[in-house]
Amino acid sequence: MDNQALIEKIRELAPWHHDIELNDEVHTGKVFSPTGTLPKQDNDGVTLISPRVQFTNLVKGCYPDSMLEGKSFLDCACNGGAYCFLAREFGANQVVGFDVREHWIKQAKFAQEHRKTAPVDNIRFDVMDLYDTPKQNLPKFDFTYFSGIFYHLPDPITGLKIAADLTKDVIFVSTAGVNVPENPTGMSMSRESTTRVMSGVYEMSWFPNGPECIQALLNWLGFKEVKLVRLVENPNNRIRMSIVAAREEGRLEHAPGELMPEVKITTNRKKS
Ligand SMILES: C[S@@+](CC[C@H](N)C(=O)[O-])C[C@H]1O[C@@H](n2cnc3c(N)ncnc32)[C@H](O)[C@@H]1O
């Protein structure tokens, strides 16, 4: 396919959330904006992101010696597949990405077919619901990505447990939340559209009340070391948090972020 045909196909597959480099001239996002950024309202309500810099820093910090060379990588809710492509570029030799929406997996497969700037073999993309992954007999992965999915699930604890149980070494969780300082380990119920391409498919959803909620869950799931990579406060008490966690203590020495002190969960239940 020549560049003009690629551009036409990229337009046909819009809206895109991930800016993915196909060749030196054609990037999926740059078809719509030369800088790879685009106001949400001009992109069917979908934010366009270019994840290279943030993902490179994370991988460098978690795997400082040889990036993802020879590692396996799982992306839950992979969308257009940008993180899978970068993981493969950084040396991962077994990469699996899945998303519940065909819209995104079509983009990921199209990009896989036409990406010329890095290897695209050993990457598998599937249309799949997170809750169906335990039936697939997937192997365990060194590094799991769980970005933008926690707050789209009707039972995020089961969802995170599914991803954690598939993880040998490091898990990255990024999620929207609400700021509830008086109960930061709790969650707040919400409802969302099931038809918007960026949302979940169950209507019922939950926001963590603070990073401590995700930290406590990850500790419970067997991740001994947890770092808060980023916490952003948005209007209307909304927050956005990114957290990285490792099964082994001391493992995240070079990873970005601040170590999170252990959360003390108190109970007001009286002893009988
Ligand atoms: C906010 S986007 C995040 C995309 C991507 N992970 C990222 O961080 O750029 C949410 C994604 O989750 C997917 N999704 C929602 N519910 C899902 C489920 N139950 N199983 C798998 N994917 C799901 C949506 O289709 C959408 O691609």
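How far apart do the end C-alpha atoms of residues 70–190 lie, and how much of the span is helix and how much strand? The end C-alpha atoms are 40 Å apart, and the span is 26% helix and 32% strand. Helices (H or I, at least four residues) and strands (E, at least two) are DSSP runs, numbered from the N terminus. The unreviewed UniProt entry annotates residues 70–190 as "domain: Methyltransferase"; such annotations may be inferred rather than shown by experiment.

Some ground rules. This is a predicted model, where local features need pLDDT of at least 70 and side-chain atom pairs count only at pLDDT 80 or more, while totals for chains, interfaces and linings use all residues. Residues are numbered from 1 along each chain as its sequence is written, and side-chain values use heavy atoms, with hydrogens and water left out.

Now the ligand. There are 23 residues around it, and those that come nearest are His18, Ala77, Asp99, Leu130 and Ser147; a residue counts as near if one of its heavy atoms lies within 4 Å. The shell is made up of 12 nonpolar, eight polar and three charged residues, with Gly counted as polar.

Next, the polar contacts, meaning pairs of N or O atoms within 3.5 Å. An N or O atom in the side chain of His18 is 2.8 Å from an oxygen atom of the ligand. For Trp104, a polar side-chain atom lies 3.3 Å from a ligand oxygen atom. Leu130 uses its backbone: an N or O atom there is 2.9 Å from a nitrogen atom of the ligand. On its own the ligand has 600 Å² of accessible area, and the protein covers 97% of that. The areas come from the Shrake-Rupley method with a 1.4 Å probe.

On to helix H2, residues 52–62. Its buried residues are Phe55, Thr56, Leu58, Val59, Gly61 and Cys62. Buried means under 20% relative accessible area, exposed over 50%, and partly exposed in between, with a 1.4 Å probe and protein chains only. The cover over these residues includes helix H3 (82–89) and the strands E1 (72–76), E4 (141–147), E5 (167–178) and E9 (238–246).

Ser174 sits in strand E5. Is Ser174 buried or exposed? Ser174 counts as buried because its relative accessible area is 8%. Leaving out residues up to four places away in sequence, Ser174 touches Phe146, Ser147, Gly148, Ile149, Arg240, Met241 and Ser242, where contact means heavy atoms within 4.5 Å.

Last, Glu102, in helix H4 (residues 102–114). Glu102 is exposed, since its relative accessible area is 52%.

Conventions. A polar contact is a pair of N or O atoms within 3.5 Å; within protein, one must be able to donate a hydrogen and the other to accept it, and residues adjacent in sequence count only if both atoms are side-chain atoms.
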